[in-house]
Amino acid sequence: MTAQLAALRTFAGRRPWLTTAAMLALPASWFVVFYLAALVSLFISAFWQVDSLTGEIVHIWTLDNFRLLFSEPTYRHVALRTVLLAASVTITDALLAWPFALFLVRHAGARTRAALMAAVTVPLWCSYLARVYAWRLILSHDGALNWALNLLHLPDQKIAYTNWAIWLVFSYLWLPFMILPVAAALERISPTLLEASADLGASEFTTLRRVLLPLAIPGLVAGSIFTFSLTLGDFITPMLVGGAGSDFIGNVVYASVGVANNVPFAAAFAVLPLLVMAAYLLIARRLGAFKAL
Amino acid sequence: MTRRRPLLLQTAVAAVLLFLFVPIAIIVVYAFSASNVQSWPIAAFSLRWFAVASADEEVRAAFVLSLQVASVATTLAVLLGTLAAMAVNRMAPGPRDAVSFALVLPIALPGILTGMALNAYFSAAHMALDFTTIVIGHTVFCIVIVYNNVLARLRRLPRSLTEASSDLWAGAWRTFRLITLPMTASAIGAGALLAFALSFDEVIVTTFTAGVQTTLPLWVLGAIRLGQRLPEVNVVVFAVIVLTILPVGLAQKLTGEAGQLHK
(Lines give C-alpha, C1' and ligand atoms only; values in the text may rest on other atoms or scores of the structure.)
Protein backbone atom coordinates (compact mmCIF):
# COMPACT_ATOMS: atom_id res chain seq x y z
CA MET A 1 0.00 0.00 0.00
CA THR A 2 2.74 2.41 1.03
CA ALA A 3 4.76 1.36 -1.99
CA GLN A 4 1.80 1.96 -4.28
CA LEU A 5 1.20 5.34 -2.69
CA ALA A 6 4.87 6.22 -3.14
CA ALA A 7 4.72 5.10 -6.75
CA LEU A 8 1.58 7.17 -7.29
CA ARG A 9 3.32 10.12 -5.71
CA THR A 10 6.33 9.90 -8.00
CA PHE A 11 4.01 9.43 -10.95
CA ALA A 12 2.06 12.56 -10.02
CA GLY A 13 5.20 14.43 -9.04
CA ARG A 14 6.64 13.99 -12.54
CA ARG A 15 3.35 15.09 -14.09
CA PRO A 16 2.22 18.29 -12.36
CA TRP A 17 -0.77 18.59 -14.71
CA LEU A 18 -2.13 15.37 -13.25
CA THR A 19 -2.26 16.86 -9.77
CA THR A 20 -3.91 19.97 -11.22
CA ALA A 21 -6.46 17.84 -13.05
CA ALA A 22 -7.17 15.82 -9.92
CA MET A 23 -7.74 19.02 -7.94
CA LEU A 24 -9.98 20.44 -10.62
CA ALA A 25 -12.01 17.23 -11.00
CA LEU A 26 -14.49 17.81 -8.16
CA PRO A 27 -15.25 21.50 -8.70
CA ALA A 28 -15.33 21.01 -12.46
CA SER A 29 -17.82 18.14 -12.21
CA TRP A 30 -20.01 20.20 -9.90
CA PHE A 31 -19.86 23.09 -12.33
CA VAL A 32 -20.74 20.91 -15.30
CA VAL A 33 -23.50 18.94 -13.58
CA PHE A 34 -25.25 21.76 -11.73
CA TYR A 35 -24.52 24.82 -13.81
CA LEU A 36 -23.63 24.08 -17.43
CA ALA A 37 -26.10 21.18 -17.67
CA ALA A 38 -28.76 23.43 -16.13
CA LEU A 39 -28.05 26.16 -18.68
CA VAL A 40 -28.24 23.58 -21.46
CA SER A 41 -31.56 22.25 -20.17
CA LEU A 42 -32.81 25.85 -20.05
CA PHE A 43 -31.97 26.15 -23.74
CA ILE A 44 -33.61 22.83 -24.59
CA SER A 45 -36.79 23.47 -22.57
CA ALA A 46 -37.21 26.73 -24.45
CA PHE A 47 -38.01 24.66 -27.54
CA TRP A 48 -40.54 22.44 -25.77
CA GLN A 49 -44.17 23.04 -25.03
CA VAL A 50 -46.74 22.57 -22.30
CA ASP A 51 -49.81 20.49 -23.05
CA SER A 52 -52.70 22.87 -22.42
CA LEU A 53 -54.91 20.09 -21.06
CA THR A 54 -52.61 18.12 -18.78
CA GLY A 55 -50.12 20.87 -17.91
CA GLU A 56 -47.32 18.39 -18.59
CA ILE A 57 -44.24 19.33 -20.61
CA VAL A 58 -44.38 17.83 -24.10
CA HIS A 59 -41.03 17.03 -25.66
CA ILE A 60 -41.84 18.16 -29.17
CA TRP A 61 -39.45 20.63 -30.78
CA THR A 62 -41.12 23.89 -31.63
CA LEU A 63 -40.32 27.58 -32.05
CA ASP A 64 -43.74 28.60 -30.75
CA ASN A 65 -42.39 30.09 -27.51
CA PHE A 66 -40.07 32.40 -29.41
CA ARG A 67 -42.78 33.20 -31.97
CA LEU A 68 -45.08 34.27 -29.12
CA LEU A 69 -42.29 36.37 -27.58
CA PHE A 70 -41.69 38.29 -30.78
CA SER A 71 -45.27 38.61 -31.97
CA GLU A 72 -46.87 39.73 -28.69
CA PRO A 73 -46.24 43.50 -28.21
CA THR A 74 -46.51 43.15 -24.41
CA TYR A 75 -43.40 40.97 -24.29
CA ARG A 76 -41.52 43.30 -26.62
CA HIS A 77 -42.31 46.18 -24.27
CA VAL A 78 -41.20 44.15 -21.27
CA ALA A 79 -37.90 43.24 -22.93
CA LEU A 80 -37.30 46.80 -24.08
CA ARG A 81 -38.15 48.23 -20.65
CA THR A 82 -35.73 45.81 -18.96
CA VAL A 83 -32.83 46.54 -21.29
CA LEU A 84 -33.38 50.32 -21.34
CA LEU A 85 -33.64 50.54 -17.55
CA ALA A 86 -30.53 48.37 -17.18
CA ALA A 87 -28.70 50.77 -19.49
CA SER A 88 -29.98 53.89 -17.66
CA VAL A 89 -29.00 52.45 -14.30
CA THR A 90 -25.52 51.67 -15.64
CA ILE A 91 -25.05 55.22 -16.95
CA THR A 92 -26.38 56.77 -13.73
CA ASP A 93 -24.05 54.68 -11.60
CA ALA A 94 -21.07 55.47 -13.83
CA LEU A 95 -21.79 59.20 -13.44
CA LEU A 96 -22.17 58.89 -9.65
CA ALA A 97 -19.16 56.61 -9.21
CA TRP A 98 -16.72 58.72 -11.21
CA PRO A 99 -16.35 61.75 -8.85
CA PHE A 100 -16.43 59.46 -5.83
CA ALA A 101 -13.68 57.21 -7.13
CA LEU A 102 -11.66 60.18 -8.34
CA PHE A 103 -11.75 61.77 -4.90
CA LEU A 104 -11.01 58.44 -3.23
CA VAL A 105 -7.89 57.78 -5.27
CA ARG A 106 -6.54 61.25 -6.03
CA HIS A 107 -7.47 63.47 -3.10
CA ALA A 108 -7.98 61.32 -0.01
CA GLY A 109 -5.27 60.38 2.47
CA ALA A 110 -4.60 56.73 3.28
CA ARG A 111 -6.91 56.68 6.27
CA THR A 112 -9.82 58.49 4.56
CA ARG A 113 -9.41 56.19 1.61
CA ALA A 114 -9.71 53.07 3.75
CA ALA A 115 -12.75 54.51 5.53
CA LEU A 116 -14.44 55.43 2.24
CA MET A 117 -13.72 51.99 0.77
CA ALA A 118 -15.33 50.38 3.82
CA ALA A 119 -18.27 52.80 3.57
CA VAL A 120 -18.90 51.71 -0.01
CA THR A 121 -18.65 48.01 0.82
CA VAL A 122 -20.98 48.04 3.84
CA PRO A 123 -24.27 48.68 1.96
CA LEU A 124 -23.48 45.79 -0.38
CA TRP A 125 -23.78 43.43 2.54
CA CYS A 126 -26.75 45.11 4.19
CA SER A 127 -29.34 42.64 2.91
CA TYR A 128 -30.67 43.26 -0.59
CA LEU A 129 -34.30 42.89 0.48
CA ALA A 130 -33.83 45.28 3.39
CA ARG A 131 -32.58 47.98 1.06
CA VAL A 132 -35.40 47.56 -1.45
CA TYR A 133 -37.92 47.56 1.37
CA ALA A 134 -36.30 50.70 2.82
CA TRP A 135 -37.10 52.53 -0.44
CA ARG A 136 -40.65 51.21 -0.42
CA LEU A 137 -41.03 52.81 3.01
CA ILE A 138 -39.27 56.04 1.97
CA LEU A 139 -41.38 56.44 -1.18
CA SER A 140 -44.68 55.46 0.42
CA HIS A 141 -47.39 58.10 0.85
CA ASP A 142 -46.58 58.52 4.57
CA GLY A 143 -42.87 58.04 3.93
CA ALA A 144 -39.77 60.00 4.73
CA LEU A 145 -39.44 61.59 1.28
CA ASN A 146 -42.89 63.20 1.34
CA TRP A 147 -42.27 64.29 4.91
CA ALA A 148 -39.01 65.99 3.86
CA LEU A 149 -40.64 67.59 0.82
CA ASN A 150 -43.50 68.91 2.94
CA LEU A 151 -41.00 70.42 5.37
CA LEU A 152 -39.65 72.41 2.42
CA HIS A 153 -43.25 73.31 1.43
CA LEU A 154 -42.94 71.24 -1.73
CA PRO A 155 -45.72 69.02 -3.10
CA ASP A 156 -45.71 65.21 -2.67
CA GLN A 157 -43.49 63.20 -5.00
CA LYS A 158 -45.12 61.27 -7.80
CA ILE A 159 -42.46 58.65 -8.47
CA ALA A 160 -43.70 55.93 -6.10
CA TYR A 161 -44.70 52.76 -7.97
CA THR A 162 -43.40 54.01 -11.34
CA ASN A 163 -40.45 53.16 -13.57
CA TRP A 164 -38.67 56.16 -12.01
CA ALA A 165 -38.78 54.41 -8.65
CA ILE A 166 -37.31 51.27 -10.22
CA TRP A 167 -34.53 53.30 -11.83
CA LEU A 168 -33.78 55.09 -8.55
CA VAL A 169 -33.72 51.93 -6.44
CA PHE A 170 -31.57 49.96 -8.91
CA SER A 171 -29.10 52.85 -9.17
CA TYR A 172 -28.96 52.87 -5.39
CA LEU A 173 -28.55 49.10 -5.04
CA TRP A 174 -25.72 48.61 -7.52
CA LEU A 175 -23.73 51.85 -7.05
CA PRO A 176 -21.01 50.19 -4.92
CA PHE A 177 -20.44 47.63 -7.70
CA MET A 178 -19.50 50.53 -9.99
CA ILE A 179 -17.44 52.54 -7.50
CA LEU A 180 -15.13 49.68 -6.46
CA PRO A 181 -13.74 48.67 -9.89
CA VAL A 182 -13.50 52.30 -11.06
CA ALA A 183 -11.51 53.18 -7.95
CA ALA A 184 -9.31 50.12 -8.49
CA ALA A 185 -8.65 51.15 -12.10
CA LEU A 186 -7.79 54.73 -11.12
CA GLU A 187 -5.49 53.45 -8.39
CA ARG A 188 -3.41 51.56 -10.92
CA ILE A 189 -2.66 54.71 -12.94
CA SER A 190 0.90 55.79 -12.27
CA PRO A 191 1.25 59.38 -10.98
CA THR A 192 4.14 59.85 -13.43
CA LEU A 193 1.63 59.78 -16.29
CA LEU A 194 -0.27 62.65 -14.75
CA GLU A 195 2.92 64.60 -14.12
CA ALA A 196 3.99 63.97 -17.70
CA SER A 197 0.63 65.24 -18.90
CA ALA A 198 0.96 68.40 -16.79
CA ASP A 199 4.58 68.91 -17.92
CA LEU A 200 3.40 68.82 -21.51
CA GLY A 201 1.08 71.72 -20.74
CA ALA A 202 -2.20 69.85 -20.41
CA SER A 203 -4.80 71.49 -18.18
CA GLU A 204 -6.34 69.47 -15.38
CA PHE A 205 -9.43 68.94 -17.49
CA THR A 206 -7.40 67.75 -20.47
CA THR A 207 -5.52 65.30 -18.24
CA LEU A 208 -8.83 64.05 -16.93
CA ARG A 209 -10.23 63.59 -20.43
CA ARG A 210 -7.16 62.28 -22.25
CA VAL A 211 -5.30 60.34 -19.52
CA LEU A 212 -7.49 59.37 -16.57
CA LEU A 213 -10.70 58.57 -18.41
CA PRO A 214 -9.22 56.27 -21.11
CA LEU A 215 -7.18 54.40 -18.49
CA ALA A 216 -10.24 54.00 -16.25
CA ILE A 217 -12.37 52.47 -19.01
CA PRO A 218 -11.61 48.82 -18.05
CA GLY A 219 -12.83 49.68 -14.53
CA LEU A 220 -15.98 51.37 -15.82
CA VAL A 221 -16.71 48.41 -18.09
CA ALA A 222 -16.10 45.94 -15.25
CA GLY A 223 -18.52 47.88 -13.04
CA SER A 224 -21.06 48.09 -15.84
CA ILE A 225 -21.09 44.29 -16.13
CA PHE A 226 -22.46 44.16 -12.60
CA THR A 227 -24.89 47.07 -12.83
CA PHE A 228 -26.22 45.91 -16.20
CA SER A 229 -26.39 42.19 -15.46
CA LEU A 230 -27.90 42.61 -12.00
CA THR A 231 -30.64 44.93 -13.31
CA LEU A 232 -31.32 42.68 -16.29
CA GLY A 233 -31.92 39.65 -14.10
CA ASP A 234 -33.85 41.24 -11.25
CA PHE A 235 -37.57 41.05 -10.66
CA ILE A 236 -37.86 41.67 -6.91
CA THR A 237 -37.27 45.42 -7.17
CA PRO A 238 -39.86 45.94 -9.95
CA MET A 239 -42.23 43.77 -7.93
CA LEU A 240 -41.80 45.80 -4.75
CA VAL A 241 -41.33 49.41 -5.92
CA GLY A 242 -42.70 49.31 -9.48
CA GLY A 243 -46.29 49.92 -10.56
CA ALA A 244 -48.84 47.98 -12.55
CA GLY A 245 -47.09 48.44 -15.90
CA SER A 246 -43.50 47.89 -14.85
CA ASP A 247 -42.91 44.19 -15.37
CA PHE A 248 -39.36 43.13 -16.15
CA ILE A 249 -38.30 40.01 -18.07
CA GLY A 250 -37.79 38.40 -14.67
CA ASN A 251 -41.37 39.10 -13.56
CA VAL A 252 -42.77 37.40 -16.66
CA VAL A 253 -40.40 34.45 -16.18
CA TYR A 254 -41.31 34.17 -12.51
CA ALA A 255 -45.04 34.35 -13.22
CA SER A 256 -44.75 31.80 -16.05
CA VAL A 257 -43.11 29.32 -13.70
CA GLY A 258 -44.93 30.07 -10.47
CA VAL A 259 -48.44 30.91 -11.64
CA ALA A 260 -48.85 29.47 -15.13
CA ASN A 261 -46.48 26.52 -14.56
CA ASN A 262 -45.18 27.01 -18.11
CA VAL A 263 -41.47 26.21 -17.79
CA PRO A 264 -40.78 26.15 -21.58
CA PHE A 265 -42.11 29.67 -22.11
CA ALA A 266 -40.26 30.98 -19.03
CA ALA A 267 -37.08 29.33 -20.31
CA ALA A 268 -37.49 30.93 -23.72
CA PHE A 269 -37.82 34.40 -22.18
CA ALA A 270 -34.88 33.77 -19.81
CA VAL A 271 -32.67 32.99 -22.81
CA LEU A 272 -32.94 36.66 -23.83
CA PRO A 273 -30.88 38.06 -20.89
CA LEU A 274 -28.40 35.27 -21.55
CA LEU A 275 -27.93 36.39 -25.15
CA VAL A 276 -27.72 40.06 -24.17
CA MET A 277 -25.15 39.29 -21.47
CA ALA A 278 -23.12 37.02 -23.76
CA ALA A 279 -22.76 39.86 -26.26
CA TYR A 280 -22.00 42.28 -23.44
CA LEU A 281 -19.33 40.04 -21.86
CA LEU A 282 -17.60 39.49 -25.20
CA ILE A 283 -17.37 43.24 -25.78
CA ALA A 284 -16.24 43.74 -22.18
CA ARG A 285 -13.48 41.19 -22.67
CA ARG A 286 -12.28 43.14 -25.69
CA LEU A 287 -12.14 46.30 -23.58
CA GLY A 288 -9.99 44.59 -20.95
CA ALA A 289 -12.62 44.51 -18.23
CA PHE A 290 -11.61 41.12 -16.89
CA LYS A 291 -8.18 42.37 -15.96
CA ALA A 292 -9.90 45.03 -13.84
CA LEU A 293 -12.18 42.67 -11.93
CA MET B 1 -2.77 65.65 -9.68
CA THR B 2 -3.03 68.66 -7.46
CA ARG B 3 -5.01 68.78 -4.25
CA ARG B 4 -6.58 72.10 -5.21
CA ARG B 5 -10.31 72.74 -5.62
CA PRO B 6 -11.63 69.41 -4.47
CA LEU B 7 -14.66 71.23 -2.97
CA LEU B 8 -16.93 70.13 -5.81
CA LEU B 9 -15.64 66.58 -5.47
CA GLN B 10 -16.09 66.69 -1.71
CA THR B 11 -19.71 67.71 -2.12
CA ALA B 12 -20.25 64.87 -4.58
CA VAL B 13 -18.65 62.38 -2.17
CA ALA B 14 -20.84 63.60 0.70
CA ALA B 15 -23.95 63.32 -1.48
CA VAL B 16 -23.09 59.76 -2.52
CA LEU B 17 -22.46 58.77 1.10
CA LEU B 18 -25.83 60.21 2.15
CA PHE B 19 -27.52 58.40 -0.74
CA LEU B 20 -25.89 55.12 0.35
CA PHE B 21 -26.60 55.35 4.06
CA VAL B 22 -29.86 57.25 4.61
CA PRO B 23 -32.05 54.32 3.47
CA ILE B 24 -30.15 51.92 5.73
CA ALA B 25 -30.49 54.30 8.68
CA ILE B 26 -34.22 54.61 8.02
CA ILE B 27 -34.79 50.86 7.92
CA VAL B 28 -32.89 50.47 11.19
CA VAL B 29 -35.03 53.15 12.86
CA TYR B 30 -38.27 51.51 11.65
CA ALA B 31 -37.34 48.31 13.50
CA PHE B 32 -37.70 50.19 16.77
CA SER B 33 -41.01 51.86 15.95
CA ALA B 34 -43.81 51.11 18.37
CA SER B 35 -46.57 51.67 15.83
CA ASN B 36 -48.12 49.03 13.64
CA VAL B 37 -48.56 51.49 10.76
CA GLN B 38 -45.55 52.37 8.65
CA SER B 39 -45.33 56.15 8.64
CA TRP B 40 -42.62 58.76 8.99
CA PRO B 41 -41.59 60.34 11.34
CA ILE B 42 -41.64 57.59 13.95
CA ALA B 43 -44.02 58.61 16.73
CA ALA B 44 -42.85 56.33 19.54
CA PHE B 45 -40.08 53.80 20.02
CA SER B 46 -40.36 50.35 21.49
CA LEU B 47 -38.87 46.86 21.37
CA ARG B 48 -42.26 45.16 21.33
CA TRP B 49 -42.04 43.96 17.71
CA PHE B 50 -38.77 42.19 18.45
CA ALA B 51 -40.68 40.08 20.98
CA VAL B 52 -43.55 39.49 18.55
CA ALA B 53 -41.25 38.51 15.66
CA SER B 54 -39.09 36.19 17.73
CA ALA B 55 -42.18 34.41 19.05
CA ASP B 56 -43.62 33.98 15.54
CA GLU B 57 -43.42 30.29 14.61
CA GLU B 58 -43.23 31.02 10.86
CA VAL B 59 -40.35 33.45 11.32
CA ARG B 60 -38.50 31.00 13.53
CA ALA B 61 -38.90 28.13 11.07
CA ALA B 62 -37.77 30.34 8.16
CA PHE B 63 -34.79 31.54 10.19
CA VAL B 64 -33.69 27.99 11.02
CA LEU B 65 -34.08 26.90 7.39
CA SER B 66 -31.96 29.84 6.20
CA LEU B 67 -29.24 29.01 8.73
CA GLN B 68 -29.21 25.36 7.63
CA VAL B 69 -29.10 26.21 3.93
CA ALA B 70 -26.33 28.77 4.43
CA SER B 71 -24.26 26.33 6.52
CA VAL B 72 -24.44 23.45 4.07
CA ALA B 73 -23.97 25.66 0.99
CA THR B 74 -20.97 27.37 2.60
CA THR B 75 -19.34 24.06 3.52
CA LEU B 76 -19.69 22.76 -0.04
CA ALA B 77 -18.53 26.08 -1.48
CA VAL B 78 -15.41 26.13 0.71
CA LEU B 79 -14.40 22.65 -0.39
CA LEU B 80 -15.09 23.14 -4.10
CA GLY B 81 -14.05 26.80 -4.34
CA THR B 82 -10.72 26.24 -2.60
CA LEU B 83 -9.89 23.23 -4.76
CA ALA B 84 -10.77 25.17 -7.90
CA ALA B 85 -8.64 28.18 -6.88
CA MET B 86 -5.62 26.01 -6.08
CA ALA B 87 -5.94 24.12 -9.35
CA VAL B 88 -6.38 27.29 -11.41
CA ASN B 89 -3.38 28.85 -9.71
CA ARG B 90 -1.19 26.01 -10.99
CA MET B 91 -2.30 26.39 -14.60
CA ALA B 92 -0.60 28.13 -17.51
CA PRO B 93 -1.99 31.62 -18.23
CA GLY B 94 -3.95 30.56 -21.33
CA PRO B 95 -6.12 27.76 -19.89
CA ARG B 96 -6.21 29.62 -16.57
CA ASP B 97 -8.04 32.59 -18.11
CA ALA B 98 -10.51 30.30 -19.88
CA VAL B 99 -11.32 28.30 -16.74
CA SER B 100 -11.51 31.50 -14.67
CA PHE B 101 -13.94 33.03 -17.15
CA ALA B 102 -16.19 29.96 -16.96
CA LEU B 103 -16.07 29.73 -13.17
CA VAL B 104 -17.22 33.31 -12.54
CA LEU B 105 -20.21 32.97 -14.91
CA PRO B 106 -22.72 32.21 -12.11
CA ILE B 107 -21.97 35.67 -10.67
CA ALA B 108 -21.47 37.54 -13.96
CA LEU B 109 -24.71 36.28 -15.53
CA PRO B 110 -28.07 37.49 -14.19
CA GLY B 111 -29.36 35.59 -11.14
CA ILE B 112 -32.62 34.83 -12.86
CA LEU B 113 -30.69 32.70 -15.35
CA THR B 114 -29.19 30.53 -12.63
CA GLY B 115 -32.59 30.27 -10.97
CA MET B 116 -34.56 29.55 -14.12
CA ALA B 117 -31.90 27.19 -15.48
CA LEU B 118 -31.93 25.13 -12.29
CA ASN B 119 -35.73 25.17 -12.23
CA ALA B 120 -35.92 23.85 -15.79
CA TYR B 121 -33.19 21.29 -15.00
CA PHE B 122 -34.87 19.95 -11.86
CA SER B 123 -38.21 19.90 -13.59
CA ALA B 124 -36.76 17.94 -16.54
CA ALA B 125 -35.07 15.53 -14.10
CA HIS B 126 -38.35 15.20 -12.14
CA MET B 127 -36.60 16.33 -8.98
CA ALA B 128 -38.92 17.79 -6.35
CA LEU B 129 -37.96 21.27 -5.13
CA ASP B 130 -36.85 20.99 -1.50
CA PHE B 131 -33.94 21.64 0.86
CA THR B 132 -31.45 19.95 -1.49
CA THR B 133 -32.39 22.06 -4.49
CA ILE B 134 -32.11 25.30 -2.49
CA VAL B 135 -28.65 24.25 -1.31
CA ILE B 136 -27.55 23.38 -4.87
CA GLY B 137 -28.68 26.77 -6.12
CA HIS B 138 -26.85 28.64 -3.36
CA THR B 139 -23.68 26.57 -3.69
CA VAL B 140 -23.45 27.46 -7.39
CA PHE B 141 -22.80 31.13 -6.62
CA CYS B 142 -21.14 30.67 -3.21
CA ILE B 143 -18.33 28.71 -4.87
CA VAL B 144 -17.42 31.79 -6.91
CA ILE B 145 -17.04 33.92 -3.76
CA VAL B 146 -14.69 31.44 -2.07
CA TYR B 147 -12.83 30.85 -5.33
CA ASN B 148 -12.23 34.57 -5.92
CA ASN B 149 -11.01 35.13 -2.37
CA VAL B 150 -8.63 32.19 -2.30
CA LEU B 151 -7.28 32.82 -5.80
CA ALA B 152 -6.56 36.47 -4.95
CA ARG B 153 -4.53 35.32 -1.94
CA LEU B 154 -2.67 32.60 -3.86
CA ARG B 155 -1.61 35.11 -6.49
CA ARG B 156 -0.05 37.31 -3.83
CA LEU B 157 1.87 34.44 -2.24
CA PRO B 158 5.49 34.40 -3.43
CA ARG B 159 6.30 31.22 -5.38
CA SER B 160 9.63 31.06 -3.55
CA LEU B 161 7.90 29.64 -0.47
CA THR B 162 6.56 26.51 -2.15
CA GLU B 163 9.76 26.24 -4.18
CA ALA B 164 11.83 26.30 -0.99
CA SER B 165 9.58 23.63 0.44
CA SER B 166 10.13 21.40 -2.63
CA ASP B 167 13.87 22.03 -2.47
CA LEU B 168 13.80 20.76 1.10
CA TRP B 169 12.30 17.50 -0.20
CA ALA B 170 8.75 18.10 0.96
CA GLY B 171 6.22 16.35 -1.29
CA ALA B 172 3.24 18.07 -2.83
CA TRP B 173 0.93 17.08 0.03
CA ARG B 174 3.41 18.18 2.71
CA THR B 175 3.97 21.52 0.99
CA PHE B 176 0.22 21.96 0.80
CA ARG B 177 -0.27 21.08 4.47
CA LEU B 178 2.65 23.10 5.88
CA ILE B 179 2.85 26.07 3.50
CA THR B 180 -0.11 26.66 1.19
CA LEU B 181 -2.93 25.85 3.59
CA PRO B 182 -1.71 27.97 6.55
CA MET B 183 -0.96 30.89 4.22
CA THR B 184 -4.41 30.77 2.64
CA ALA B 185 -6.44 29.79 5.71
CA SER B 186 -7.62 33.32 6.47
CA ALA B 187 -8.65 33.88 2.84
CA ILE B 188 -10.62 30.64 2.91
CA GLY B 189 -12.23 31.76 6.18
CA ALA B 190 -13.08 35.16 4.71
CA GLY B 191 -14.54 33.52 1.62
CA ALA B 192 -16.63 31.23 3.80
CA LEU B 193 -18.04 34.15 5.81
CA LEU B 194 -18.91 36.10 2.65
CA ALA B 195 -20.52 33.02 1.10
CA PHE B 196 -22.56 32.48 4.26
CA ALA B 197 -23.77 36.09 4.23
CA LEU B 198 -24.64 35.90 0.54
CA SER B 199 -26.58 32.67 0.96
CA PHE B 200 -28.43 33.91 4.04
CA ASP B 201 -29.74 36.91 2.10
CA GLU B 202 -30.37 35.39 -1.35
CA VAL B 203 -33.83 35.76 -2.93
CA ILE B 204 -33.80 35.51 -6.72
CA VAL B 205 -32.29 32.06 -7.22
CA THR B 206 -34.18 30.79 -4.16
CA THR B 207 -37.60 31.77 -5.56
CA PHE B 208 -36.97 29.26 -8.37
CA THR B 209 -35.50 26.41 -6.30
CA ALA B 210 -37.42 26.53 -3.01
CA GLY B 211 -40.76 24.97 -3.97
CA VAL B 212 -42.97 25.24 -0.89
CA GLN B 213 -40.05 25.85 1.48
CA THR B 214 -39.72 29.33 3.01
CA THR B 215 -36.32 30.79 3.77
CA LEU B 216 -36.15 33.99 5.79
CA PRO B 217 -35.83 36.29 2.74
CA LEU B 218 -38.73 34.46 1.08
CA TRP B 219 -40.85 35.02 4.20
CA VAL B 220 -39.96 38.72 4.13
CA LEU B 221 -40.79 38.98 0.42
CA GLY B 222 -44.13 37.26 0.93
CA ALA B 223 -45.06 39.46 3.88
CA ILE B 224 -44.18 42.68 2.01
CA ARG B 225 -46.18 41.64 -1.04
CA LEU B 226 -49.23 40.80 1.05
CA GLY B 227 -48.72 43.92 3.18
CA GLN B 228 -49.10 41.77 6.26
CA ARG B 229 -47.13 41.77 9.52
CA LEU B 230 -45.00 44.68 8.34
CA PRO B 231 -43.82 45.61 11.86
CA GLU B 232 -42.38 42.10 12.07
CA VAL B 233 -40.82 42.56 8.64
CA ASN B 234 -39.04 45.68 9.95
CA VAL B 235 -37.54 43.69 12.80
CA VAL B 236 -36.60 40.64 10.68
CA VAL B 237 -34.98 42.81 8.03
CA PHE B 238 -32.96 44.56 10.74
CA ALA B 239 -31.89 41.18 12.12
CA VAL B 240 -30.83 40.02 8.64
CA ILE B 241 -28.72 43.16 8.22
CA VAL B 242 -26.97 42.49 11.53
CA LEU B 243 -26.49 38.81 10.72
CA THR B 244 -24.94 39.47 7.33
CA ILE B 245 -22.82 42.46 8.31
CA LEU B 246 -21.18 40.64 11.25
CA PRO B 247 -19.61 37.84 9.20
CA VAL B 248 -18.63 40.33 6.51
CA GLY B 249 -16.89 42.57 9.06
CA LEU B 250 -15.06 39.55 10.38
CA ALA B 251 -14.09 38.54 6.83
CA GLN B 252 -12.74 42.03 6.18
CA LYS B 253 -10.66 41.75 9.32
CA LEU B 254 -9.30 38.35 8.30
CA THR B 255 -8.16 39.49 4.87
CA GLY B 256 -6.94 42.85 6.15
CA GLU B 257 -4.66 41.34 8.78
CA ALA B 258 -3.37 38.69 6.43
CA GLY B 259 -2.63 41.41 3.89
CA GLN B 260 -0.32 43.09 6.38
CA LEU B 261 1.54 39.86 7.01
CA HIS B 262 2.87 39.75 3.48
CA LYS B 263 3.96 43.32 3.07
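**View 1. F43(A) is partly exposed, at 34% relative accessibility.** The model shown here and in the other views is predicted. F43(A) sits in helix α2 of chain A.

**View 2. The largest cavity has a lining drawn from chains A and B.** Its volume is about 70 Å³. The structure holds 3 cavities of 30 Å³ or more. From chain A, the lining includes P27(A), W30(A), F31(A) and Y35(A). From chain B come L80(B), L103(B), P106(B), V140(B), I143(B) and V144(B). Helix α2 (16–45) of chain A and helix α7 (131–156) of chain B each supply at least two lining residues. The largest share, 4 residues, comes from α2(A). The lining holds 10 nonpolar residues, no polar ones and no charged ones.

**View 3. R67(A) and D64(A) form a salt bridge within one helix.** Side chains of opposite charge can pair when their charged atoms come close. Here the closest N and O atoms are 2.8 Å apart. Both residues lie in helix α3 (residues 64–71) of chain A. They are 3 residues apart, about one turn of the helix. R67(A) counts as exposed, at 52% relative accessibility. D64(A) is partly exposed, at 34%.

**View 4. E187(A) and R113(A) meet in a salt bridge between two helices.** The N to O distance is 2.8 Å. E187(A) lies in helix α8 (residues 163–187) of chain A and R113(A) in helix α5 (residues 110–124) of chain A, so the pair ties together parts 74 residues apart in sequence. E187(A) is partly exposed, with a relative accessible area of 40%. R113(A) is also partly exposed, with a value of 25%.

**View 5. D56(B) and R229(B) form a salt bridge in chain B.** Their closest N and O atoms are 2.6 Å apart. The pair links distant parts of the chain, 173 residues apart. D56(B) is in the loop between α2 (48–55) and α3 (57–89) of chain B. R229(B) is in the loop between α11 (216–226) and α12 (230–261) of chain B. D56(B) counts as buried, at 12% relative accessibility. R229(B) is partly exposed, with a relative accessible area of 34%. D56(B), R229(B) and E58(B) are linked in a network of salt bridges. Over all chains, the structure holds 4 salt bridges.

Notes:
Residues are numbered from 1 along each chain as its sequence is written. Chains are lettered from A and ligands numbered from 1 in the order in which they are written. This is a predicted model: local features need pLDDT of at least 70, side-chain atom pairs count only at pLDDT 80 or more; totals for chains, interfaces and linings use all residues. Side-chain values use heavy atoms; hydrogens and water are left out. On a 1 Å grid over the protein atoms alone, a cavity is a set of points where a 1.4 Å probe fits but cannot get out, and a pocket is an open set with protein on both sides within 12 Å along at least five of seven lines; lining residues have an atom within 4 Å of a point. Grid points are joined across faces, edges and corners, and a volume is the space filled by probe spheres set on the points. Ala, Val, Leu, Ile, Met, Phe, Trp, Tyr, Cys and Pro count as nonpolar, Asp, Glu, Lys and Arg as charged, and the others, Gly among them, as polar. Buried means under 20% relative accessible area, exposed over 50%, partly exposed in between (1.4 Å probe, protein chains only). A salt bridge is a side-chain nitrogen of Lys or Arg within 4 Å of a carboxyl oxygen of Asp or Glu.
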